Amino acid sequence: MLSAPHQLHDARALVIEGNLQSRSILVSQLRELGVGTVVQCSRLTEARRKLEMNSFDVVICEQRFERESGSGQDLLDDLRRNQLLPFHTVFVMITAEASYASVAEAAESALDAYLLKPHTGARLSDRIVQARVRKQALKEIFSAIDAQDFERAASLCQARFASRQPYWLYAARIGAELMLRGGRVEEAQALYQAVIDAKTLPWARLGVARAQLDAGQPAKAVTTLESLIRDDDAYADAYDVMGRAQFELGNFQNALSTYQMATKLTPSSISRLLKHGMLAYYTGEKSEGVELLDRATRLGLDSKMFDAQALLLLAFARLDNNDSRGLQRVVEQLTRLRDRSHHPARPHRLLHMAESLLALQQQQTARALDDVRRLADSLLTPEFDVEAACNLLALMIRLAARSLPMPDAEGAVDTLALRFCTSRAMTELLVCAAAGHAHYPERIRAGHAQVLQMTQDAMKLSLKGDPHGTVVQLLEDGERTGNAKLIESAHQVMQRYSERMEGHPELQERLEALRERYHTTAPITRLGEHTSSGQTPPGGVSLSAGYKPPPSTGLLDAAPPAG
């Protein structure tokens, strides 16, 4: 619980500064202010570990580090994106660059203040106290979030915004974030637009784009983002959301170029390296992807921000290069991640796949064939997700290249396509995973065409005045294929025509059981992101530790885009 703004004797502070003399000065100033415990470190990687393992009331961080590729803002960005800064923590950036104010807006959701060198202890104290006053003023909102009362928290934010109480813009940002994550997309977009009308701010314009994406309007989001980036070409979060929009449109090469800009702006951001590296790998830029994923692994293997799928992609690359030592090292790294995970199902699955690759490299072909058959047999189980589908395709291709094709491999590809081809983007991702095989890509695209035809055939019944028949047909096809697009299309028709349908309760019960079985309402986890870790979406505001996002695992969930 946040204590009174001026009471610092019980506070814990972390000083992150590469220069010994500057670090000593900051430590002394904090102790003179009465801060009870002051911890210090000189490197960003050490700071990241401390912040992942411990909670601090105050963090003082240098912006530039002479012997490191990353910056204080890179650290702040990753901490914010992965919700590793509790609400009560005051984060102050120290910089010698007067121009830093122009880029501080991009980190506003986590940055509480910045100070220009040289500064006095009194100025440092003033910045800390001001930040704590703001947090005290918004305590009621965040108490509601801690209590999981998101409706009340959003209402409090709206009320503060409407009455222009202190920190009304910040409250509006929190409220819009809660609405967006709670599926109230239109309300969130309206609040973001109201902020723009009151005072044009980059984060509000980005919020509009995020709302457009969540409403299933990626083309509109691209237009909004193009305008934002023209006005502020250093806003890294805007490139994150633009890349997502381009990805969902199936424009993978454009998305890759956009992610390249994001990593150029923040070269030590683990999450951006992961997204950039994975997309480069899948789109055929293997050497670039491996280099980026290697860098992300060196920076963040022991970080909560790291996604273990990166290691499996490296394992495939090691196998292709006949690098037995590198492949063995990946297996060891995945074993470490599995052993320390509180939710080991996914790490165990990825480790098992890496062990299959190692067996293949060691000529233990029986083990690899058994594994691929087992995976193919589980294609329609709820636990089998699109990440597993991509990895299965990659393993099947490597078996075929060694003249070890599994029985009925094409049938497995057809089943996989019918389940996971929910959109153009999802289809093209699977096609990328199947690259290198003569027939798999065309079979995947044929599966997508078949899903579209099923949808159209069912919808024709609605046009003829038989929505009940549409829902029944979509449910039958959804139960047979496990395809989330078919299942959610049935849900949309049911919502629209429920009052006119016979046997509505029975159909609704059948539909909800199917939605729950295949997790079709789960939030989409995108390249390099895994929402089970509570990551903050690009451009989102960090919520307090009390905010519990819905769990999700895998590279990309099979949920279709909204609309």
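These legends accompany several views of a predicted protein model.

**Figure 1. The whole chain, for orientation.** The protein chain contains 26 helices and 5 strands. Of its 563 residues, 58% count as buried.

**Figure 2. Helix α24 meets helix α25.** Here is a first look at how two helices pack. Two packed helices are described by the angle between their axes and the distance between the axes. Helix α24 covers residues 467-481 and helix α25 covers residues 484-497. Their axes come within 8 Å and cross at roughly 160 degrees. Angles over 145 degrees count as roughly antiparallel, and α24 and α25 are therefore roughly antiparallel to each other. The crossing of α24 past α25 is left-handed. To find the contact in the view, look on α24 for Pro467, Thr470, Val471, Leu474, Leu475, Asp477, Gly478 and Thr481. On α25, the partners are Leu486, Ile487, Ser489, Ala490, Val493, Met494 and Tyr497. Sorted by class, the residues of this contact are 10 nonpolar, 4 polar and 1 charged.

**Figure 3. Helix α25 meets helix α26.** Next, follow α25 to another partner. Helix α26 spans residues 504-518, and the axes of α25 and α26 come within 10 Å. Those axes cross at roughly 145 degrees, and α25 passes α26 in a left-handed crossing. From α25, the contact uses Ile487, Glu488, Ala490, His491 and Met494. By class, the contact of α25 with α26 has 7 nonpolar, 3 polar and 3 charged residues.

**Figure 4. Glutamate 512, a residue in helix α26.** This view picks out one residue from the previous figure. Glutamate 512 is part of helix α26. Is glutamate 512 buried or partly exposed? Its relative accessibility is 31%, so glutamate 512 counts as partly exposed. Now find glutamate 488, which is 24 residues away from glutamate 512 in sequence. In space, the C-alpha atoms of these two glutamates are 10.0 Å apart.

**Figure 5. Helix α16 beside helix α20.** Here is another pair of helices to explore. Helix α16 runs over residues 309-320, and helix α20 runs over residues 386-401. The two pack at an angle of about 5 degrees, and their axes are 12 Å apart. Angles under 35 degrees count as roughly parallel, so α16 is roughly parallel to α20. On the α16 side, the contact is made by Gln309, Leu312, Phe316, Leu319 and Asp320. On the α20 side, it is made by Glu387, Asn391, Ala394, Leu395 and Arg398. The residues of this contact are 5 nonpolar, 2 polar and 3 charged.

Figure 6. Threonine 263 belongs to helix α13, which covers residues 252-265. How accessible is threonine 263? With a relative accessible area of 8%, threonine 263 is buried, because buried means under 20%. Which residues does threonine 263 touch, leaving aside those up to four places away in sequence? They are Arg272, Leu273 and His276. Histidine 276 is 13 residues along the chain from threonine 263, and their C-alpha atoms are separated by 7.4 Å.

Figure 7. The loop between β5 (113-116) and α5 (121-137) holds proline 118. A cis peptide bond joins lysine 117 to proline 118, with omega about -10 degrees. Glutamine 148 is located in the loop between α6 (139-146) and α7 (150-162). Its phi is near 65 degrees, a positive value in a residue other than glycine. Glutamine 148 is partly exposed, with 36% relative accessible area. Tyrosine 167 is in the loop between α7 and α8 (168-181). What is the phi of tyrosine 167? This angle is near 65 degrees, a positive value in a residue other than glycine. Tyrosine 167 has 30% relative accessibility and counts as partly exposed.

How values were computed
Residues are numbered from 1 along each chain as its sequence is written. This is a predicted model: local features need pLDDT of at least 70, side-chain atom pairs count only at pLDDT 80 or more; totals for chains, interfaces and linings use all residues. Side-chain values use heavy atoms; hydrogens and water are left out. Axes are lines fitted to C-alpha atoms, for helices over the stretch in contact, and angles run from 0 to 180 degrees between N-to-C directions. Helices (H or I, at least four residues) and strands (E, at least two) are DSSP runs, numbered from the N terminus. Angles under 35 degrees count as roughly parallel, over 145 as roughly antiparallel, 65 to 115 as roughly perpendicular and the rest as oblique. A crossing is left-handed if the near helix is turned anticlockwise from the far one by less than a right angle, and right-handed if clockwise. Contact means heavy atoms within 4.5 Å. Ala, Val, Leu, Ile, Met, Phe, Trp, Tyr, Cys and Pro count as nonpolar, Asp, Glu, Lys and Arg as charged, and the others, Gly among them, as polar. Buried means under 20% relative accessible area, exposed over 50%, partly exposed in between (1.4 Å probe, protein chains only).
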